[in-house]
Amino acid sequence: GDVSSMFIVYLLELWQWGHDEDIVRELWPAAKRAAQWHMARAETWQEGGQGLPRHVIDTYDGLELNAYNASAFSGFFHLLAMKAAAALARSPIVNDVPFADN
């Protein structure tokens, strides 16, 4: 869970700091699929969830965070990745506003 989140966030940071538009365009489809995976894993409020992925295995799986419905670590990275994906989607490079509004 956290690796896919970090990928999305780092891609946004790469663009913001380095303005490498070609690599952002090339990697956006992978980042979008990562964001879609996150959204599919997140329980919605209608389902009685918190809007966070449940039982996610992270690089800190030695702590067995996946034993819990949600953890602060996983939840924070999930929310950060969703904001980063929306920012990338709204960027003039990607211009995928329908995805950002999803």
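## Ground rules

Since we're working with a prediction, local features need pLDDT of at least 70 and side-chain atom pairs count only at pLDDT 80 or more, while totals for chains, interfaces and linings use all residues. Numbering starts from 1 along each chain as its sequence is written, and side-chain values use heavy atoms, with hydrogens and water left out.

## Overall layout

The chain has four helices and zero strands, so the order from the N terminus reads α-α-α-α (helices are DSSP runs of H or I with at least four residues, strands are E runs with at least two, and numbering goes from the N terminus). Of the 102 residues, 39% are buried, meaning under 20% relative accessible area with a 1.4 Å probe, protein chains only; exposed is over 50%, and partly exposed is in between.

Take the contacts (heavy atoms within 4.5 Å) between residues at least 6 apart in sequence: 52% of them join residues at least 24 apart.

## The nonpolar core

The largest nonpolar core holds 21 residues, and Ile-8, Val-24, Trp-28, Ala-35, Leu-88 and Phe-99 touch the most other members. Such a core is a set of buried Ala, Val, Leu, Ile, Met, Phe, Trp, Tyr and Cys residues joined through side-chain atoms within 4.5 Å.

## Helix 1 against helix 3

These two helices pack at about 35 degrees with axes 8 Å apart (axes are lines fitted to C-alpha atoms over the stretch in contact, and angles run from 0 to 180 degrees between N-to-C directions). Residues meeting here include Ser-5, Ile-8 and Leu-11 from helix 1, and Phe-77, Ala-84 and Leu-88 from helix 3.

## Two residues worth a look

His-38 sits in helix 2 and counts as buried because its relative accessibility is 2%. The His-38 side chain makes a polar contact with the side chain of Ser-5 at 3.1 Å; that term covers N or O pairs within 3.5 Å, where within protein one atom must be able to donate a hydrogen and the other to accept it, and residues adjacent in sequence count only if both atoms are side-chain atoms.

Asn-95 is in the loop between helix 3 and helix 4. Though not a glycine, Asn-95 has a positive phi of about 50 degrees, and at 55% relative accessibility Asn-95 counts as exposed.
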